[in-house]
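Subject: Structure for your review

Hello,

Here is the structure to look over, with the sequence alongside. My notes on what was found follow below it.

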Amino acid sequence: ALRGAYHNGLLDRPDEILYLVRLLLYNKVPGSAAAIMEEAVAAGRVPATVANYRLLADAWQLAREPAKAVAALQLALAKEKTPEVGLTLGRLLLHGEHWQAAVAPLELAAGSDQAEIRGEALLALGLAHYQRGEYGLARGVFEQARLLSTSRRQADNWLRHLESAQQ
(Lines give C-alpha, C1' and ligand atoms only; values in the text may rest on other atoms or scores of the structure.)
Protein backbone atom coordinates (compact mmCIF):
# COMPACT_ATOMS: atom_id res chain seq x y z
CA ALA A 1 0.00 0.00 0.00
CA LEU A 2 2.78 2.43 0.92
CA ARG A 3 4.76 1.46 -2.18
CA GLY A 4 1.74 2.34 -4.29
CA ALA A 5 1.36 5.62 -2.44
CA TYR A 6 4.99 6.42 -3.21
CA HIS A 7 4.68 5.57 -6.89
CA ASN A 8 1.50 7.65 -7.13
CA GLY A 9 3.29 10.63 -5.61
CA LEU A 10 1.36 10.60 -2.34
CA LEU A 11 4.50 10.30 -0.20
CA ASP A 12 6.34 13.52 -0.75
CA ARG A 13 8.11 14.31 2.52
CA PRO A 14 11.60 12.88 3.02
CA ASP A 15 10.65 11.35 6.38
CA GLU A 16 7.74 9.49 4.76
CA ILE A 17 9.96 8.11 2.02
CA LEU A 18 12.66 7.09 4.50
CA TYR A 19 10.01 5.38 6.61
CA LEU A 20 8.89 3.41 3.54
CA VAL A 21 12.48 2.44 2.70
CA ARG A 22 13.13 1.23 6.25
CA LEU A 23 9.82 -0.63 6.31
CA LEU A 24 10.74 -2.41 3.07
CA LEU A 25 14.14 -3.32 4.51
CA TYR A 26 12.50 -4.60 7.69
CA ASN A 27 10.14 -6.73 5.59
CA LYS A 28 13.08 -8.15 3.63
CA VAL A 29 12.40 -6.38 0.34
CA PRO A 30 15.78 -4.68 -0.10
CA GLY A 31 15.67 -4.40 -3.89
CA SER A 32 12.52 -2.30 -3.78
CA ALA A 33 13.88 -0.28 -0.86
CA ALA A 34 17.08 0.47 -2.77
CA ALA A 35 15.28 1.35 -5.99
CA ILE A 36 12.93 3.74 -4.19
CA MET A 37 15.77 5.30 -2.21
CA GLU A 38 17.94 5.74 -5.30
CA GLU A 39 15.07 7.31 -7.24
CA ALA A 40 14.13 9.60 -4.35
CA VAL A 41 17.70 10.85 -3.85
CA ALA A 42 18.19 11.39 -7.60
CA ALA A 43 14.92 13.35 -7.79
CA GLY A 44 15.80 15.44 -4.75
CA ARG A 45 12.86 14.10 -2.76
CA VAL A 46 15.29 12.80 -0.12
CA PRO A 47 18.42 14.80 0.72
CA ALA A 48 21.70 13.47 -0.67
CA THR A 49 23.38 13.10 2.73
CA VAL A 50 26.06 10.70 3.89
CA ALA A 51 23.51 8.93 6.09
CA ASN A 52 21.08 8.50 3.20
CA TYR A 53 23.78 7.22 0.86
CA ARG A 54 24.81 4.74 3.56
CA LEU A 55 21.19 3.58 3.86
CA LEU A 56 21.10 3.19 0.08
CA ALA A 57 24.34 1.19 0.17
CA ASP A 58 22.95 -1.05 2.92
CA ALA A 59 19.84 -1.69 0.85
CA TRP A 60 21.88 -2.55 -2.24
CA GLN A 61 24.09 -4.88 -0.19
CA LEU A 62 21.05 -6.67 1.20
CA ALA A 63 19.69 -6.91 -2.36
CA ARG A 64 23.00 -8.58 -3.32
CA GLU A 65 23.99 -5.75 -5.64
CA PRO A 66 27.53 -5.00 -4.45
CA ALA A 67 28.48 -2.78 -7.41
CA LYS A 68 25.53 -0.50 -6.67
CA ALA A 69 26.40 -0.50 -2.97
CA VAL A 70 29.96 0.53 -3.85
CA ALA A 71 28.63 3.37 -6.02
CA ALA A 72 26.44 4.64 -3.17
CA LEU A 73 29.34 4.52 -0.70
CA GLN A 74 31.57 6.37 -3.17
CA LEU A 75 28.94 9.12 -3.31
CA ALA A 76 28.84 9.21 0.49
CA LEU A 77 32.63 9.45 0.63
CA ALA A 78 32.61 12.24 -1.95
CA LYS A 79 30.23 14.18 0.31
CA GLU A 80 32.28 13.68 3.46
CA LYS A 81 35.50 11.76 3.90
CA THR A 82 34.68 9.89 7.10
CA PRO A 83 36.74 6.94 8.35
CA GLU A 84 33.55 4.94 8.94
CA VAL A 85 32.45 5.22 5.32
CA GLY A 86 36.00 4.56 4.16
CA LEU A 87 36.12 1.36 6.18
CA THR A 88 32.74 0.18 4.92
CA LEU A 89 33.66 0.93 1.31
CA GLY A 90 37.09 -0.67 1.70
CA ARG A 91 35.60 -3.86 3.16
CA LEU A 92 33.06 -4.09 0.37
CA LEU A 93 35.77 -3.63 -2.26
CA LEU A 94 37.91 -6.30 -0.57
CA HIS A 95 34.96 -8.67 -0.57
CA GLY A 96 34.74 -8.18 -4.33
CA GLU A 97 38.51 -8.71 -4.61
CA HIS A 98 39.10 -5.16 -5.84
CA TRP A 99 42.40 -4.95 -3.97
CA GLN A 100 43.76 -1.75 -5.53
CA ALA A 101 40.47 0.13 -5.30
CA ALA A 102 40.21 -0.73 -1.60
CA VAL A 103 43.52 0.90 -0.68
CA ALA A 104 42.50 4.60 -0.71
CA PRO A 105 39.32 4.27 1.39
CA LEU A 106 41.12 1.97 3.82
CA GLU A 107 43.99 4.44 4.15
CA LEU A 108 41.43 7.11 5.01
CA ALA A 109 39.88 4.82 7.63
CA ALA A 110 43.30 3.93 9.02
CA GLY A 111 43.69 7.58 9.97
CA SER A 112 40.73 7.37 12.35
CA ASP A 113 41.07 8.53 15.94
CA GLN A 114 38.90 5.59 17.02
CA ALA A 115 41.11 2.59 17.80
CA GLU A 116 38.54 0.02 16.69
CA ILE A 117 38.03 1.60 13.26
CA ARG A 118 41.75 2.24 12.87
CA GLY A 119 42.61 -1.36 13.79
CA GLU A 120 40.05 -2.88 11.43
CA ALA A 121 41.16 -0.56 8.64
CA LEU A 122 44.83 -1.43 9.14
CA LEU A 123 44.07 -5.15 9.06
CA ALA A 124 42.01 -4.75 5.89
CA LEU A 125 44.67 -2.53 4.31
CA GLY A 126 47.32 -5.11 5.13
CA LEU A 127 45.17 -7.75 3.45
CA ALA A 128 44.80 -5.58 0.34
CA HIS A 129 48.58 -5.15 0.10
CA TYR A 130 49.14 -8.86 0.75
CA GLN A 131 46.72 -9.84 -2.01
CA ARG A 132 48.54 -7.50 -4.41
CA GLY A 133 51.85 -9.20 -3.59
CA GLU A 134 53.13 -6.13 -1.75
CA TYR A 135 54.46 -8.07 1.21
CA GLY A 136 56.70 -5.30 2.56
CA LEU A 137 53.81 -2.85 2.62
CA ALA A 138 51.56 -5.49 4.17
CA ARG A 139 54.13 -6.18 6.89
CA GLY A 140 54.43 -2.47 7.70
CA VAL A 141 50.66 -2.07 7.98
CA PHE A 142 50.30 -5.20 10.13
CA GLU A 143 53.07 -3.85 12.38
CA GLN A 144 51.00 -0.67 12.85
CA ALA A 145 47.88 -2.75 13.57
CA ARG A 146 49.87 -4.72 16.14
CA LEU A 147 50.29 -1.58 18.23
CA LEU A 148 46.53 -1.42 18.87
CA SER A 149 44.95 -3.72 21.42
CA THR A 150 41.84 -4.07 19.22
CA SER A 151 43.79 -5.62 16.37
CA ARG A 152 46.94 -7.01 17.99
CA ARG A 153 46.04 -10.71 17.87
CA GLN A 154 44.94 -10.69 14.23
CA ALA A 155 47.98 -8.60 13.25
CA ASP A 156 50.26 -11.09 15.00
CA ASN A 157 48.59 -13.92 13.07
CA TRP A 158 49.16 -12.11 9.77
CA LEU A 159 52.77 -11.35 10.64
CA ARG A 160 53.40 -15.03 11.46
CA HIS A 161 51.72 -15.99 8.17
CA LEU A 162 53.91 -13.56 6.24
CA GLU A 163 57.00 -14.90 8.01
CA SER A 164 56.20 -18.51 7.19
CA ALA A 165 55.19 -17.71 3.60
CA GLN A 166 58.50 -15.99 2.91
CA GLN A 167 60.66 -18.81 4.26
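This is a predicted model: local features need pLDDT of at least 70, side-chain atom pairs count only at pLDDT 80 or more; totals for chains, interfaces and linings use all residues.

Overall picture

The protein chain has 10 helices and 0 strands. Its C-alpha trace spans about 65 × 25 × 25 Å along the principal axes. Of the 167 residues in the protein chain, 43% are buried. Among contacts with a separation of 6 or more, 42% are between residues 24 or more positions apart.

Most residues other than glycine have a negative phi. E97 is not a glycine, yet its phi is positive, near 60°. E97 counts as exposed because its relative accessibility is 55%, and the cut-off for exposed is over 50%.

K28 also has a positive phi, about 60°, and is not a glycine either. K28 is found in the loop between α2 (14-26) and α3 (30-42). With a relative accessible area of 71%, K28 is exposed.

Helix α4 and its partners

Two packed helices are described by the angle between their axes and the distance between the axes. For α4 (residues 50-62) and α5 (residues 66-79), the angle is about 170° and the axes are 8 Å apart. An angle over 145 degrees counts as roughly antiparallel, and α4 and α5 are therefore roughly antiparallel to each other. The crossing of α4 past α5 is left-handed. On the α4 side the contact involves V50, Y53, R54, L56, A57, W60 and Q61, and on the α5 side K68, A69, A72, L73, L75, A76 and K79. By type, the residues of this contact are 10 nonpolar, 1 polar and 3 charged.

How do α4 and α6 pack? Their angle is about 20°, with the axes 12 Å apart. Angles under 35 degrees count as roughly parallel, so α4 and α6 are roughly parallel to each other. This crossing too is left-handed. V50, R54 and Q61 of α4 make the contact with E84, V85, T88 and L92 of α6. The residues of the contact of α4 with α6 divide into 3 nonpolar, 2 polar and 2 charged.

Helix α8

Helix α8 covers residues 115-131, which is 17 residues. From first C-alpha to last it reaches 24 Å, close to the 24 Å expected at 1.5 Å a residue. Which residues of α8 are buried? They are I117, G119, A121, L122, L123, A124, L125, G126, A128, H129 and Y130. The cover over these buried residues includes α6 (83-95), α7 (99-110), α9 (135-146) and α10 (152-165). After α8 comes G133, with a positive phi near 80°.

D156 lies in helix α10. Is D156 buried or exposed? D156 counts as buried, because its relative accessibility is 19% and the cut-off for buried is under 20%. The C-alpha atoms of D156 and R146 are 6.5 Å apart, and these two residues are 10 positions apart along the chain.

Regards

How values were computed: Residues are numbered from 1 along each chain as its sequence is written. Side-chain values use heavy atoms; hydrogens and water are left out. Helices (H or I, at least four residues) and strands (E, at least two) are DSSP runs, numbered from the N terminus. The expected span of a helix is 1.5 Å times one less than its number of residues. Buried means under 20% relative accessible area, exposed over 50%, partly exposed in between (1.4 Å probe, protein chains only). Contact means heavy atoms within 4.5 Å. Axes are lines fitted to C-alpha atoms, for helices over the stretch in contact, and angles run from 0 to 180 degrees between N-to-C directions. Angles under 35 degrees count as roughly parallel, over 145 as roughly antiparallel, 65 to 115 as roughly perpendicular and the rest as oblique. A crossing is left-handed if the near helix is turned anticlockwise from the far one by less than a right angle, and right-handed if clockwise. Ala, Val, Leu, Ile, Met, Phe, Trp, Tyr, Cys and Pro count as nonpolar, Asp, Glu, Lys and Arg as charged, and the others, Gly among them, as polar.
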